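Me: I would like to learn how to read the features of a structure. Please take them one at a time, with the general idea before the case.

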Amino acid sequence: MRTLFSTADEEPKNSFRRWRETVFERIVPVELTAANPEAFQGTMEAAEIGPLSITRLTQSAIQTEATAETIRRHGKHDTLNVALVLSGEVASSQDDRTAIQHAGEIVVLDRRPAIMTTRSDSQTLFIEAPRERLERALGSTRRYTALTLGADQASTSLVTTFFTQLVRTYAGLPSDTADQMAAIGIDLLIAGIAERLARETPKPLQGTLIVRRAMAYIEAHFGDPSLDPATLAAAVGVSLRYLQQLFRGHERNIAGQIWRRRLEIAAQRLADPGYAHLTVGTLAYGCGFSDQAHFNRRFKHRHGLPPGEYRWRSLNATHPGG
């Protein structure tokens, strides 16, 4: 990682002021309060790995506070702040939840008012993770902000080891490989958060929530021809086998649910005058079918009529004089 700033290069009397300015300008606007400003020491290192911005802070005891005012002054609302504690102890507070993280543990904070406090020297790896990717898989961030991913959790160790090794070796990676490694790291993080949330939620309710997330994902992505059971399982952060079990428990089949919604939406659009200008093939593609013959067969099997005839009868019934 490249060094952005070190108080070792500053006069002691200016060290904390310069540290505060550098954090404010190069990372994100926050309010910093050092336990001992006159003796403060810190080193700031950074790496850009694919789409990820990663910063390692080694610093004396300090309180970092994101306020409503400082949040308004930055443009990083499309990311979340993931802290991997490498040494020391961190206290994190957000969304009426406070937790302690020790070395080897992880915490996620959103771009809302929050406080992080260290009582002694610490080293933390901060990752700016894509909000959309985590929310798509896990739901609202309020479910897991300031929730400790403990070192006793196997997936936490995998995430920490992966990212600490990645920042040591990324310089030699081709750009496309760096992109792939960043994506793998985020997938590991999502799996770790999902494992932690499973401990918080009773299993029957947890399964229901996962099925609801999966159904919402189908609703939002039914038009994507690549959506299949494996893609859906990855999107909600569970294994395909587990998701299949959950769907069976709700008397559903994953693939059947995907095709059912596609055919239901297709039928709605065929009967809608607002879509009458589209050919059947174009409409089918917009509902996630990449092959019109396949669409025709499935549609007739479900609705009893070929798509074209279904459209004619529906529109004629709605507008008999048209």
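Me: Is Leu 32 buried or exposed?

Reply: Buried means under 20% relative accessible area, exposed over 50% and partly exposed in between, using a 1.4 Å probe and protein chains only. Leu 32 has 9% relative accessibility, so Leu 32 counts as buried. Keep in mind that this is a predicted model, in which local features need pLDDT of at least 70, side-chain atom pairs count only at pLDDT 80 or more, and totals for chains, interfaces and linings use all residues. Residues are numbered from 1 along each chain as its sequence is written, and side-chain values use heavy atoms, with hydrogens and water left out.

Me: Which residues is Leu 32 in contact with?

Reply: Contact means heavy atoms within 4.5 Å. Leaving aside neighbours within four places in sequence, Leu 32 is in contact with Phe 16, Trp 19, Arg 20, Val 23, Ile 62, Gln 63 and Thr 64. For another pair, take Leu 32 and Leu 243: they are 211 residues apart in sequence and 44 Å apart in space, C-alpha to C-alpha.

Me: In which strand does Leu 32 lie?

Reply: Helices (H or I, at least four residues) and strands (E, at least two) are DSSP runs, numbered from the N terminus. Leu 32 lies in strand 2.

Me: What is the order of the open sheet of five strands?

Reply: Two strands pair if DSSP finds at least two bridges between them. The order of this sheet is 2-5-10-7-8, and the pairing is antiparallel. Strand 2 (31–34) and strand 8 (97–102) are the edge strands, each pairing on one side only. For angles, axes are lines fitted to C-alpha atoms, for helices over the stretch in contact, and the values run from 0 to 180 degrees between N-to-C directions. In this sheet, with direction ignored, neighbouring strands are turned by 15 degrees against each other on average.

Me: How many bridges join strand 2 to strand 5?

Reply: Four bridges join strand 2 to strand 5 (residues 62–66), and the two run antiparallel. Thr 33 stands opposite Gln 63 in strand 5. Helix 1 (residues 12–26) lies across strand 2 and strand 5, at about 155 degrees to strand 2.

Me: Where do Asp 95 and Asp 96 lie?

Reply: Asp 95 is in the loop between strand 7 (89–94) and strand 8, and that loop also holds Asp 96. Phi is positive in Asp 95, near 55 degrees, though the residue is not glycine. Asp 96, also not a glycine, has a positive phi near 60 degrees. Asp 95 counts as partly exposed because its relative accessibility is 24%, whereas Asp 96, at 88%, counts as exposed.

Me: What is the order of the open sheet of six strands?

Reply: That sheet has the order 1-3-4-11-6-9, with antiparallel pairing. Its edge strands, each pairing on one side only, are strand 1 (2–6) and strand 9 (106–109). From one strand to the next, the twist averages 20 degrees. Within the sheet, strand 6 (residues 79–87) and strand 11 (residues 122–130) run antiparallel and are joined by eight bridges. Val 85 stands opposite Thr 124 in strand 11.

Me: Which strands does helix 3 touch?

Reply: Helix 3 (residues 131–138) packs on the sheet and touches strand 6 and strand 11, with its direction at about 80 degrees to that of strand 11. Helix 4 (residues 154–169) also packs on the sheet, and strand 3 (42–49) and strand 4 (52–59) are among the strands that helix 4 touches.

Me: At what angle do helix 3 and helix 7 pack?

Reply: Two packed helices are described by the angle between their axes and the distance between the axes. Helix 3 and helix 7 (residues 229–236) pack at about 105 degrees, with their axes 6 Å apart. Helix 3 is therefore roughly perpendicular to helix 7. Angles under 35 degrees count as roughly parallel, over 145 as roughly antiparallel, 65 to 115 as roughly perpendicular and the rest as oblique. Arg 133, Arg 136 and Ala 137 of helix 3 make the contact with Ala 234, Ala 235 and Val 236 of helix 7.
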